[in-house]
Amino acid sequence: MQISNFLGRGAENAISAATLAAVTHTTPRELRRLIMDERKRGALILYQPGGRGGYFLPSRDEEQAQREVSEFYHTQAARCRNGFAAIAPAGQFLKIPVGQLKITTTKGK
């Protein structure tokens, strides 16, 4: 199942995770896994947090798409930085040198 087939274009057409899970007959956890699998294969599935947020594909309007993708990128980058900050004390405890965290991508898998 491709989640992107259920998504509209543009943030104004975002679908909440709860609604998307119901429509696709999946659990929220399974939905997140399916979305991550598609992203690993190169799909550009965006997410906008908040009350009117949800999952969507970039707008067909180039300027709007640029704003949407940029906002998603910066939000996710901040989450990653916060995640690394959260695990730093554990790395220090385990004596893992800073910069030695192995990060792999599995594009295409």
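## Basis of the description

Helices (H or I, at least four residues) and strands (E, at least two) are DSSP runs, numbered from the N terminus. The structure is a predicted model, in which local features need pLDDT of at least 70 and side-chain atom pairs count only at pLDDT 80 or more, while totals for chains, interfaces and linings use all residues. Residues are numbered from 1 along each chain as its sequence is written, and side-chain values use heavy atoms, with hydrogens and water left out.

## Confidence

pLDDT is the predictor's confidence in each residue, on a scale from 0 to 100. The protein chain has an average pLDDT of 91, and 90% of the residues score at least 70. Strand E2 (residues 54–56) has the highest confidence, at 97, and helix H3 (residues 62–93) the lowest, at a mean of 94. Where pLDDT is low, the predicted coordinates should not be read in detail.

## Overall architecture

The protein chain contains three helices and two strands, and these follow the pattern α-α-β-β-α along the sequence. Contact is defined as heavy atoms within 4.5 Å. Of the contacts between residues at least 6 apart in sequence, 52% join residues at least 24 apart.

Accessible areas come from the Shrake-Rupley method with a 1.4 Å probe; for residues, only the protein chains shown count as cover. The protein chain exposes about 7900 Å², of which carbon and sulfur atoms supply 56%. A residue is termed buried under 20% relative accessible area, exposed over 50%, and partly exposed in between (1.4 Å probe, protein chains only). On this scale, buried residues account for 27% of the 109 residues in the protein chain.

## Nonpolar core

A nonpolar core is a set of buried Ala, Val, Leu, Ile, Met, Phe, Trp, Tyr and Cys residues joined through side-chain atoms within 4.5 Å. The largest such core has eleven residues: Ile3, Leu7, Ile15, Leu20, Ala21, Leu31, Leu34, Ile35, Ile45, Tyr55 and Leu57. Helix H1 (17–23) and H2 each contribute at least two residues to this core, and the largest share, three residues, comes from H2.

Which residues does Leu20 touch, not counting residues up to four places away in sequence? With that exclusion, Leu20 touches Ile3, Phe6, Leu7, Ile15, Leu31, Ile35 and Tyr55.

## Strand residues and the aromatic pair

Gln48 lies in strand E1 (residues 46–48). With a relative accessible area of 10%, Gln48 is buried. Not counting residues up to four places away in sequence, Gln48 touches Ala11, Gly53, Gly54, Phe56 and Glu71.

Rings of Phe, Tyr and Trp (its six-membered ring) pair if their centres lie within 6.5 Å; planes under 30 degrees apart count as stacked, over 60 as edge-to-face and the rest as tilted. The count by this rule is one aromatic pair. Tyr47 and Tyr55 form the pair, which is tilted, with 4.7 Å centre to centre and 55° between the planes. Tyr47 is partly exposed at 26% relative accessibility, whereas Tyr55 is buried at 10%.

Side chains of opposite charge can pair when their charged atoms come close. A salt bridge is a side-chain nitrogen of Lys or Arg within 4 Å of a carboxyl oxygen of Asp or Glu. A search of the whole structure finds two salt bridges. One joins the side chains of Arg33 and Glu30 at 2.6 Å, N to O; another joins those of Arg33 and Asp37 at 2.5 Å, N to O.

How many residues apart are Arg33 and Glu30 in helix H2 (residues 28–40)? They lie three residues apart, about one turn of the helix. Arg33 and Asp37 are separated by about one helical turn because they are four residues apart in helix H2. Arg33 is partly exposed, with a relative accessible area of 40%; Glu30 is partly exposed at 29%, and Asp37 is partly exposed at 21%.

## Positive phi angles

His25, which is not a glycine, has a positive phi of about 55°. His25 is placed in the loop between H1 and H2 and is exposed, with a relative accessible area of 74%. Lys95 likewise has a positive phi, near 60°, in a residue other than glycine. Lys95 is placed in the segment after H3 and is exposed, with a relative accessible area of 70%.
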